[in-house]
Amino acid sequence: MIGPDLPGGRPVPLSASDPSQPFSPNDKAGLWAWAGGQPTAELRRGLQLLLALGLGCGLDTTEIIPLRGPDVRVLQDGSCVLAVRGNRARLIICSRPFERTLTEAARHADTGYLFRPSSFARGPNTVTDLVYRAARDPRVPRLVMGRCRATWLVERMNVPIPLPVLLAAAGLDSLHALSRLLPYLKGTSAEQAHTTLREMP
């Protein structure tokens, strides 16, 4: 060992209201169970789709609202590709645990809107309205799409993934937006850092 452990970033006080704080694995499992336990099919389908789009694709609220069924394509290998519309148009490969949810939502939507296909009013409250109507569970954190996106980003930064790939997948043109997530990255031991830096070409 060369010295003390090297943290992923400067520690910061954690707050459940912090939109940059990623969900823990237990939080994710709790949110999925909560979504699946809602009293109506509309709530169950809508909330599980939000989790798939946020945790599985890294989308934010404004990117979710205009999506349509044909924006989802399933490739021969079973992977699910999502075409994001708007100013940050791009293709996203959905993470494997959420492929089925996204595929089923696209089939249900047909050529209509992917999220809440029966709702023709598309505004800033299209997502928050559904979340607000959901039955609450005090054991589960509130579903916040900003935290879902932060979770998606941090999980990929911890892999690690080549930065150009991450920026393209996230629809970002600079590293500035990622700086707020540094405190949530996994720590690296000095020995690990030594080996990694030494073996670089």
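**Salt bridges and a pocket**

Visitor: Is Arg116 buried or exposed?

Guide: Arg116 counts as buried, at 15% relative accessibility. Buried means under 20% relative accessible area, exposed over 50%, and partly exposed in between (1.4 Å probe, protein chains only).

Visitor: What kind of model is this?

Guide: The model is predicted: local features need pLDDT of at least 70, side-chain atom pairs count only at pLDDT 80 or more, and totals for chains, interfaces and linings use all residues. Residues are numbered from 1 along each chain as its sequence is written, and side-chain values use heavy atoms, with hydrogens and water left out.

Visitor: Which residue forms a salt bridge with Arg116?

Guide: Asp129 does, with the closest N and O atoms 3.2 Å apart. Here a salt bridge is a side-chain nitrogen of Lys or Arg within 4 Å of a carboxyl oxygen of Asp or Glu.

Visitor: What about Glu42 and Arg133?

Guide: Their side chains meet in a salt bridge (3.2 Å, N to O). Glu42 belongs to helix H2 (residues 41–55) and Arg133 to helix H5 (residues 125–133), so the pair ties together parts that are 91 residues apart in sequence. Both are partly exposed: Glu42 at 36% and Arg133 at 38%.

Visitor: How many salt bridges are found in the whole structure?

Guide: The search finds eleven.

Visitor: New topic: how much space is in the second largest pocket?

Guide: About 220 Å³. A pocket is an open set of points on a 1 Å grid over the protein atoms alone where a 1.4 Å probe fits, with protein on both sides within 12 Å along at least five of seven lines; lining residues have an atom within 4 Å of a point. Points are joined across faces, edges and corners, and the volume is the space filled by probe spheres set on them.

Visitor: Which helix gives the largest share of the lining?

Guide: H6 does, with three residues. Helix H1 (25–36) and helix H6 (145–157) each supply at least two. Lining residues include Phe23, Lys28 and Tyr184.

Methods: Helix = DSSP H or I, 4+ residues; strand = E, 2+ residues; numbered from the N terminus.
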